[in-house]
Amino acid sequence: MKPIEERENLSEEQFLNEIRGQVKPVVIRGLVKDWPVVKAAQVSDAECAAYISRFAGPEQYKIGVAPFEAKGLLHYNKELKGLNFEWEHADVGNFLQILLDEGDFDNPRGLALQALRVANSLLGFENANPRPSFAPAHANPHMWIGNALKIATHSDTAENLACVVAGERRFTIFPPDQISNLYIGPLHFTPAGTPVSMVHLTEPDFEKYPKFAQALEHAQYVDLFPGDALYLPFRWYHHVEASKKFNILLNYWWTDARPGIGSAFTALNHALYSIGNMPPEQRDAWREVFDHFVFHKHGDPWAHIPDHARGPLANVKDEDIAAIRENLIEQIRNG
Amino acid sequence: MKAIEERSGVTSEQFHNEIRPRALPIVLRGLVKDWPAVKAALQGPHECADYIADFATDKPQKIGVGAPEINGLFHYDDELRGLNFGWGAESVTNYFDRLIDEFDKVAPSSMAMQALPVHEELIGFEEQNPRPFAPSYATPYMWIGNALKVATHSDAYENIACVISGCRQFTIFPPEQIGNLYMGPLHFTPAGTPISMVHLTNPDYEKFPKFAAAMESAQFVDLLPGDALYLPYQWYHHVESKTKFNILLNYWWSDARKDIGSPWNALMQNMLSISHMPPEQRIIWRTIFDHFVFHLNGDPWAHIPPHARGPLAHVSPDDVAKVQQYIISQLQNRPNK
């Protein structure tokens, strides 16, 4: 497997033009090495936990708890009728203590506090550990705290700058076009809010999932240490394995899609319901229509039509969005 | 331009088992040559009009009427602010009279009665002129007019089009030519479905250069009374009727389930949402749609046991209301993010 490209002394302009502009993942070693939280982590796990607890409040959050037998692999259960872990609740300070304590056990449970919203949940943390300039101001920081865990391959509807605070994390990543080689699981019911690959990266069943071998040919990986960061472009698939007893990641998610136009997943669901259930030759015909009008495969589908005649959906104005949505609802109700 | 493949002596079994699965167009000469309506048309327009008028209700029907200057080309006006023809209403019988009145004019008005539903408006016609091949759930429509050019468009149906009277030239394009046809507005159309902005019989290649590529894959046929054309789902077609009195009867049908909503609604929602995302995000969503919606990599659910595939994979009729409500509730959510 190929390691992810690493760059040093990357300027903001280079990041924008050579990385984001080229839709390329990149490892930036030591990007946040000066964060106080990273320095605390380098002293000890306990020091890091104490540092973070200073910013934490009494609010309870969902904690994923997996039995030792799950070997840190948070996924579906064998029958695909539920998950192989359970949800419990704890506040951040308590959870950090539970995690430290779990480190003393021979057969530790898998413990995960996922995607804690730093802005709401760790007041003041961001001022003390300022966002790297590569993450835009509208990017939302999230914190991921846990022990040795394997997070199944998935992708997010955002660009991502992931910074390791404590422990060690291996990212194994796949470009978006590997979707069919990843055997993506159910959309309606997922372990983490987004569909996951059914293949276990660390012990793949190639008999059941033969095309995964092709996915691996396109895979890249990196081991990140405290202070290191990975930039992951929009919707790149990633498997994340945290390997220490105490691992913390802080990531920034952002998207340049405009607000109001609705989630692409909802639009996908609508198309799945309608076109996904058509006879194959009709699906093929609609693919051409979607390629043209939705995905702009042949360029701007409206270029040859004067502005006034393009209709409300060609270049949607913010002030028209509510009316468009209402109109759509009415159309759906009318069948 | 290539002629559409012709077959004669096709049986209904061959049609359904060999021709339809290919999803390719085919001309079926003489398919309805024995219809009394066709035989009447072969005697003359008056005989044909009389024969059909006998079945007609008195109900006024929508008709399109264009000035002589448009030369039968029903389209948008030059500024794309309206249409270049107007709408009126006539009973079928009166409409035949008006059509016949135009026969002797040097510069006749263009007149069209489009998609007249035969079951409702020509009572008893189908019993005497029985449907060929088209499945029992196909709906017959009649198209009556003089010399007209109906702009290139496509329908979300399969189609068997049978000429009763006059001469009709179909020029057709496969669905993947969409990018070369310069499709017009979706929200406002002359005939209920988007049409090509290019005039097939007088194309402006400077304005529409890619149309030359569309023409390379175009096929055509001239249909005479009794002849039929099978047009697969969503094939684009330009229809030119060439005489003073032209009648077509067509059957539209779709094998899609009736409870999966209109694909246009799905398209609209995606045009609102994904079309307005940054180009690099659109490209990625296309990969996801190709996989899950268009099954480009095969059945996207094959590796998941049926109980875990979710409500959208093979939507059960019992779940349809729930799915629709979900889509609606998502649209009702106030925009955030």
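Q: Which domains does the domain assignment give for chain A?
A: Keep in mind that this is a predicted model. For chain A, the assignment gives domain 1 as 2-254 and domain 2 as 264-333.

Q: And what separates the centres of domain 1 and domain 2 of chain A?
A: Taken over C-alpha atoms, the centres of those domains of chain A are 34 Å apart.

Q: OK, switching to the interface. How many residues of chain A are in contact with chain B?
A: 72 residues of chain A, and they touch 72 residues of chain B.

Q: Which elements of chain A give two or more residues to that side?
A: Those are α8 (264-274), α9 (280-293) and α10 of chain A.

Q: Which one gives the most?
A: α9(A), with 11 residues on the side of chain A that touches chain B.

Q: How do the residues on that side of chain A divide by type?
A: You get 41 nonpolar, 20 polar and 11 charged.

Q: Now the α10 pair. At what angle do the axes of α10 of chain A and α10 of chain B cross?
A: Roughly 170°, and the axes of α10 (residues 321-333) of chain A and α10 (residues 320-332) of chain B come within 9 Å. Angles over 145 degrees count as roughly antiparallel, so α10(A) and α10(B) are roughly antiparallel to each other.

Q: Which residues make that contact?
A: From α10(A), they are Arg325(A), Leu328(A), Ile329(A) and Ile332(A). From α10(B), they are Gln324(B), Ile327(B), Ile328(B), Leu331(B) and Gln332(B). The contact of α10(A) with α10(B) divides into 6 nonpolar, 2 polar and 1 charged.

Terms used
Residues numbered from 1 in each chain as written. Chains lettered and ligands numbered in written order. Predicted model: local features only at pLDDT ≥ 70, side-chain atom pairs only at ≥ 80, totals over all residues. Domains from an automatic or database assignment. Axes fitted to C-alpha atoms, helices over the stretch in contact; angles between N-to-C directions. Helix = DSSP H or I, 4+ residues; strand = E, 2+ residues; numbered from the N terminus. Parallel < 35°, antiparallel > 145°, perpendicular 65-115°, else oblique. Contact = placed C-beta atoms within 7 Å. Nonpolar A, V, L, I, M, F, W, Y, C, P; charged D, E, K, R; others polar.
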